[in-house]
There are 2 protein chains.
Amino acid sequence: MRKDVPKIVVARLPVYLRDLSQLRDEGKEVTSSQELGKRLGISPAQIRKDLSHFGEFGKQGTGYNVSYLIEQLRRILHADRNWKIILVGAGDLGHAMVHYTGFRKQGLHIIGVFDNDPQKIGQRWGELTVMDASTIEDFIQKENVRIVILAVPAKVAQQVADRLVNAGIRAILNYAPIVLHLPNGILVEYIDPVVHLQYMTYFLE
Amino acid sequence: MRKDVPKIVVARLPVYLRDLSQLRDEGKEVTSSQELGKRLGISPAQIRKDLSHFGEFGKQGTGYNVSYLIEQLRRILHADRNWKIILVGAGDLGHAMVHYTGFRKQGLHIIGVFDNDPQKIGQRWGELTVMDASTIEDFIQKENVRIVILAVPAKVAQQVADRLVNAGIRAILNYAPIVLHLPNGILVEYIDPVVHLQYMTYFLE
DNA sequence: TAGATTGTTAATCGATTAACAATC
DNA sequence: TAGATTGTTAATCGATTAACAATC
């Protein structure tokens with residue numbers, strides 16, 4: 001079995017991709033590990049090393065073709081296809097996620113929104129209608145959804161996550177401020193603004 | 001000069017604090033590095049090592065008093081006081097942030113919201129009124145605000161951040177999907193759900 | 001060619017873990 | 001006391017960086 005690419009390397013690729021897209025939008029056709037490093041606050045050596053896990057994408061003397069590297073990173077990250085995502089929890093945060101335009105451009109499509117509040121079920125959210133949480137399992141199976149954005153209260157996050165995993169979900173972006181306990185192989189990423197803010201207040205007087 | 005605590009250690013403290021608060025809510029009065037480690041998916045040795053950078057908080061044979069450790073972590077993280085925060089960018093995400101109840105409990109108070117859209121200025125958001133972005137500097141100085149949540153479009157994020165830093169801001173929680181270039185000493189934390197989702201799609205077929 | 005930059009190796013740096021004396 | 005768990009040291013593991021041959 002070939003050695004895995006370190007997770008921390010994979011975690012940087014989306015940031016490279018994001019910045020390269022910006023470079024392209026600015027009209028740049030070629031860049032270098034040095035330029036990219038300066039833009040990202042990362043050493044050029046690290047960028048070259050990270051990329052070297054996946055192949056050779058540059059040319060000595062000139063650097064990297066921006067469009068080509070974007071294409072390659074999209075392929076590596078599986079960002080070159082469309083992903084169906086469901087959102088569970090139709091609160092304010094869920095509302096913001098559904099209306100966020102940054103997902104679609106990356107092939108990340110929220111195709112269903114769920115809540116268990118009768119007040120919310122049936123509400124029209126953009127092109128979507130908030131559905132009854134009791135129908136999540138059917139929807140996941142019918143649509144073959146593998147990714148969830150979880151934006152429910154902390155108190156119910158674990159039990160909802162258990163249901164989702166049972167229904168076949170493979171990856172959870174968890175906005176609830178708790179650590180989830182799930183079977184091996186289920187991917188979980190955490191976003192909690194309080195954690196970031198408290199990290200910063202540590203350094204403030 | 002005493003050696004700094006590694007940043008990665010500081011970054012884990014808010015997660016410890018969050019989980020300890022949950023333990024306390026569950027009625028637990030004492031815990032151990034082993035229990036905490038299991039809950040967090042972290043090795044017990046790492047938890048003890050992390051805490052040892054700041055003092056001795058446990059008792060051999062019994063473990064840690066939950067309330068006492070919470071108190072100590074809050075002190076270490078400066079989470080035992082109130083922090084004034086302003087939100088810049090009154091979009092859907094900003095709306096969700098202002099209405100999020102998870103901040104206040106931690107002493108994190110959003111005391112002002114700003115936008116440059118005349119349609120939004122003057123809108124009532126809970127207890128706050130959306131203010132004209134041209135008045136940000138005055139507000140920061142008058143209220144002595146040091147933390148900003150930045151939720152503006154990527155295109156303007158850098159220039160807005162520059163203004164904020166000029167006005168005296170010390171820490172930015174940046175939701176705009178770009179890397180900010182700011183003077184040394186300015187703290188910036190990034191939240192970009194696309195980065196997390198693309199990290200996960202790497203592992204999905 | 002001369003200058004620039006890659007991809008890679010080896011060295012360095014830093015973080016995690018194992019182990020255990022101390023002690024509750 | 002016996003059992004449990006801390007705080008800490010030393011060993012291990014892994015990630016970052018410096019350096020450079022290759023080459024565009």
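## The surface near DNA strand C

The residues of the surface near DNA strand C divide into 5 nonpolar, 12 polar and 8 charged, where near means that a heavy atom of the residue lies within 4 Å of the strand. In this count Ala, Val, Leu, Ile, Met, Phe, Trp, Tyr, Cys and Pro are nonpolar, Asp, Glu, Lys and Arg are charged, and the others, Gly among them, are polar. Of the 25 residues around DNA strand C, those that come nearest are A:S33, A:R48, A:F57, A:G58 and A:Y64.

Phosphate oxygens of DNA strand C lie 2.6 Å from a polar side-chain atom of A:S33, 2.8 Å from a polar backbone atom of A:G58 and 2.9 Å from a polar side-chain atom of B:S43. Two or more residues each are given to this surface by α3 (44-52), β2 (58-59) and β3 (63-65) of chain A and by α1 (7-25) and α3 (44-52) of chain B, and α3(B) gives the most, with 4 residues. Helices (H or I, at least four residues) and strands (E, at least two) are DSSP runs, numbered from the N terminus.

B:Q198, in helix α8 (residues 193-203) of chain B, is buried at a relative accessible area of 3% (buried is under 20%, with a 1.4 Å probe and protein chains only). Leaving aside neighbours within four places in sequence, B:Q198 is in contact with A:P14, A:L17, A:L77, A:A79 and A:Q106. The side chains of B:Q198 and A:Q106 make a polar contact (3.3 Å), that is, a pair of N or O atoms within 3.5 Å, one able to donate a hydrogen and the other to accept it, with residues adjacent in sequence counting only if both atoms are side-chain atoms.

## Nonpolar core

Of the 103 residues in the largest nonpolar core, A:L73, A:I110, A:I149, B:L73, B:I110 and B:I149 touch the most other members; such a core is a set of buried Ala, Val, Leu, Ile, Met, Phe, Trp, Tyr and Cys residues joined through side-chain atoms within 4.5 Å.

## Basis of the values

Residues are numbered from 1 along each chain as its sequence is written, and chains are lettered from A and ligands numbered from 1 in the order in which they are written. In this predicted model local features need pLDDT of at least 70, side-chain atom pairs count only at pLDDT 80 or more, and totals for chains, interfaces and linings use all residues, while side-chain values use heavy atoms, with hydrogens and water left out.

Notes:
Buried means under 20% relative accessible area, exposed over 50%, partly exposed in between (1.4 Å probe, protein chains only). Contact means heavy atoms within 4.5 Å.
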